[in-house]
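Subject: Structure handover

Hello,

Here is the structure I promised to pass on. Please open it first, then read my notes below.

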Amino acid sequence: MARIGVFICHCGENIGGTVDCNKVAKSAESFDGVVFSTDYKYMCSDPGQTLIKQAIAEHKLTGVVVGACSPRMHEPTFRKTCSEAGVNGYMCEMANLREHCSWVHEKGEATTNKATDLVRMLVGKVKNNKPLSPIKVPVSKTALVIGGGIAGIQTSLDIANAGHKVVLIEKQPSIGGHMSQLSETFPTLDCSQCILTPRMVEVAQHPNIELITYAELESLDGFIGNFKARIRKKAKSIDEKLCTGCGMCTTKCPTKKIPGEFNEKLGNRTAIYVPFPQAVPNKPVIDKNNCTYYQKGKCRICEKFCPTQAIRFDQPDEIVERSIGAVVVATGFEVKGTDFFPEYGYGKYADVITGLQFERLASASGPTLGEIRRPSDGKIPEKIVFLACAGSRDPAKGIKYCSKICCMYTAKHAMLYKHKVHHGDAYVFYMDIRAAGKMYDEFTRRAIEEDEVKYIRGRVSRIYEKNGKLIVKGADTLLGAMPVEVEADMVVLATASVAHNDAADLAQKLHVSYDENNFFVEAHPKLKPVETNTAGIFLAGACQSPRDIPETVAMASGAASKILGLFSQNELTREPVVAVVNRAAPPLFSTCAGCFMCQSVCPYQAIEKEEIKNRAGETIKTVAKVNPGLCQGCGTCVAFCRSKSIDIQGFSNEQMVEEVFALLNND
Amino acid sequence: MSKNMSVAVYPGCSLNGSSREYMESLRAVLNALEIPVNEVDDWNCCGASAAHNIDQDMAVALPSRILAQTAKDGYSNLLVPCAACYNRLKHVQQEIKTSPEIRQKASVLLNQEINTPDTIVNILEYLQSTVMPRLEGKTLKPVSKKVACYYGCLLVRPKGISDEKQIEDPQGMDQIMASLGAEPVSWAFKTECCGAGFSVSNTTTVARLSSEILIDAADRGAEAIIVACPMCHSNLDMRRREIEKYSGRKFDIPVLYITQAIGLALGIPAKKLGLQRHFVPVKI
């Protein structure tokens, strides 16, 4: 005979302010099977848990219903409490009186009645619960890192240095990401490439890191500890083993006028190309969309000149599979193009550029070798206007959020310009100067006070070209919105940082959440910043929200430490909420008829065929069997089973029906 | 053509007064293309810039009555050539569509049920959807001039009310003029304000703002400015003397309504298009 205890939590004012908890507890006393019922202000607190434990011992409880918050919040807490008191954790159920009741209804009798009903249902269910044990699964101690920018590099090195294997995949021909494009970094003005390239080389040479560039994730199946990643290695059209990276092919390639991605289209590259001289790996790929041979069927000049015969025009894409224990998503961000702003006239004006383009102009490895020369005619601009907010914090026309890095890099840009063109004038239009960070405010003050950058608080309504000058029209809101007009030679827009346009696709492949702006969503905004809601998948860097290098590196190391924690165990325990095909005594063996409809609908390939044999080894019957390691407990097979031979442990048909009956039989 | 397929026109006060040539040229063009012109029956003032600055009830009630008059006669489309009227009517249409309270209030004030036509179109939308397709195959007298298409501030704004996608750099008028054989200049003052209703109360401001517009158009070689708003026209045309005094420059650039430009391309006599009414002579 079931002996159920009911424990109603006030959650402070959260539930208690709306629901009469005492009344709910009193009503529960009369439910069939309930031998003890009480309420308490904070059931999850230490005294609250002690109360449950004491009641279990005193009243010899066999099952527990806690009416409190969402099971997402505290189910593990109360299951642990019960098992410590000697009741199997899976004999404990939670009635969600907060999210499902008190938070969404007004205070009143109806709300209290609903809370009582929710408890009634769970009491019905728990009477049919069976003790379950967690499932143990082995862990593949290899991490998959998606994205080879500074986030991916840092997290890969941290995991690899701790002795575990890493598969690092990068979409572009080289790792390095946006950081490799940057000139100098705030607030110290140290050269970005100087601090990054040694790490890139370390990644390439690390015995624990398998670096796969020019590759994208095709699919990810499985679950924490046991993922299967299928990776598409896009054809580079070269044999990497034979290629020595001598550069002969790129020198000879006749298609030389392709706007280069690394230089943000301010410089050209060839069709067979290495993105930049410090690229890792330093071997070329052929850009098929721009290669004369792929487009017109003639050329093959690179093949003719290659001293090691490494060119492979017929190379196909290759799909490789890796067993993975955990994943770090570090895919970064992109910036909006200046064509997003009709009022700033892109397309028409070559000298209105993005911040990322300015980085290339200021970089020693850039198209101007670090001299600030404007794109239209190569002249050194005498007057530059920087717009510190272009598209960010603009719910009407742009994006709602703050891109976070622009205030700092705009100050840096203005400073770099002043350091290179001493007599030049630099103006910055800004909304606010957001310089929260170590040495950050000092940095922006230095730009204003020492480098004499003219900061104007206000927005720019229009930029247009007149007589070879860019007329920047704005307002100075600190002078009563006085109109300001600057005749500039070049304008730099700190355009909004946004998620990659394929971020949502990747999120769907990985089954992780993404927000309205297509940034990936962390499991908890404060306490689980690097986890996702999918176990075993972690986030690092600007794919979660715009962030600067120090924050990205910290987050990357955070994700690495989570994975190292995971890899420190040989086995993982999983919730036993999985499907089970019933078994019966011979000669029936199972009510399963062996139609295998379940197998065809299972999204996780978790259903196998089991042959039941007699003593002579002859097959008597073939029935379905669920691999508990693969099953995710989605229940699709249960719905499809025609003979009702499958059930989900913890959510059996019987349990569900009892919940409904409890509600229907309510007098 | 049944009534609910055809379009009703709301001329508004300006098109009967200071900018009657706008209506004259619109009628002339539509007549030439055999498109019937159905004026909204017994229409009233939309409230213009005055009503919504003084009295919110009035600002809703006046346009509501116009919309109700249009709907009453079974028209589902309403053409509003005046940019300011268009802006007010479109605003109020949205308000009564989305707010039952405002609709109720207007209904009480006017003592009648308030219905609205499904769509309200401005002159550019109407020309592009209905007039331009009918010009295909017609022999046009090309307007071989460099023109500055001036949209002003009300025609394509505000976002959320206007259907224009590129509110900062609209293209509709440029496309129409290009298809008439003109060369639209790329210029910076397409949607800047001309001073609008300050024409009377603060003429100096109008002179300043309008002179910036004229200077940029002139510097980029425009031989005519094309407008679609009575206010823009009167400021750039009627206030030319003040503009020239303020800027110290002489301009002989005429200002034409888009409908006048189409009329010229169709070979309609200047007089029927009301070109003689302009202060700045239009030399064809």
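A nonpolar core, as used here, is a set of buried Ala, Val, Leu, Ile, Met, Phe, Trp, Tyr and Cys residues joined through C-beta atoms within 7 Å. A residue is buried if 20 or more other C-beta atoms lie within 10 Å of its own, exposed if 12 or fewer, and partly exposed in between, with C-beta atoms placed from the backbone.

This is a predicted model, where local features need pLDDT of at least 70, side-chain atom pairs count only at pLDDT 80 or more, and totals for chains, interfaces and linings use all residues. Residues are numbered from 1 along each chain as its sequence is written, while chains are lettered from A and ligands numbered from 1 in the order in which they are written.

The cores. The largest nonpolar core has 220 residues. Those touching the most other members are A:Val327, A:Val328, A:Phe386, A:Leu387, A:Val491 and B:Ile226. Beyond four places in sequence, A:Leu387 is in contact (C-beta atoms, placed from the backbone, within 7 Å) with A:Phe429, A:Val460, A:Val491, A:Leu493 and A:Ala494. Another core, of 42 residues, lies apart from the largest one. Its members include A:Cys9 and A:Tyr90.

Chain B. Its secondary structure comes to 12 helices and 8 strands. These are DSSP runs, numbered from the N terminus: helices are H or I, at least four residues, and strands are E, at least two. The C-alpha trace spans about 55 × 45 × 30 Å along its principal axes. Of the 284 residues of chain B, 47% count as buried. Take contacts in chain B between residues at least 6 apart in sequence: 78% join residues at least 24 apart.

One residue in chain B. B:Tyr151 sits in the loop between β5 (146-149) and α7 (172-179) of chain B. Why does B:Tyr151 count as buried? Because it has 28 C-beta neighbours inside 10 Å. Leaving aside neighbours within four places in sequence, its contacts are B:Val156, B:Pro170, B:Met173, B:Lys190 and B:Thr191. B:Gly74 is 77 residues from B:Tyr151 in sequence and 31 Å away in space, C-alpha to C-alpha.

Between the chains. Here 6 residues of chain B are in contact with 6 residues of chain A. The chain B side has 1 nonpolar, 2 polar and 3 charged residues. For these classes, Ala, Val, Leu, Ile, Met, Phe, Trp, Tyr, Cys and Pro count as nonpolar, Asp, Glu, Lys and Arg as charged, and the others, Gly among them, as polar.

Best wishes

Technical notes
Contact = placed C-beta atoms within 7 Å.
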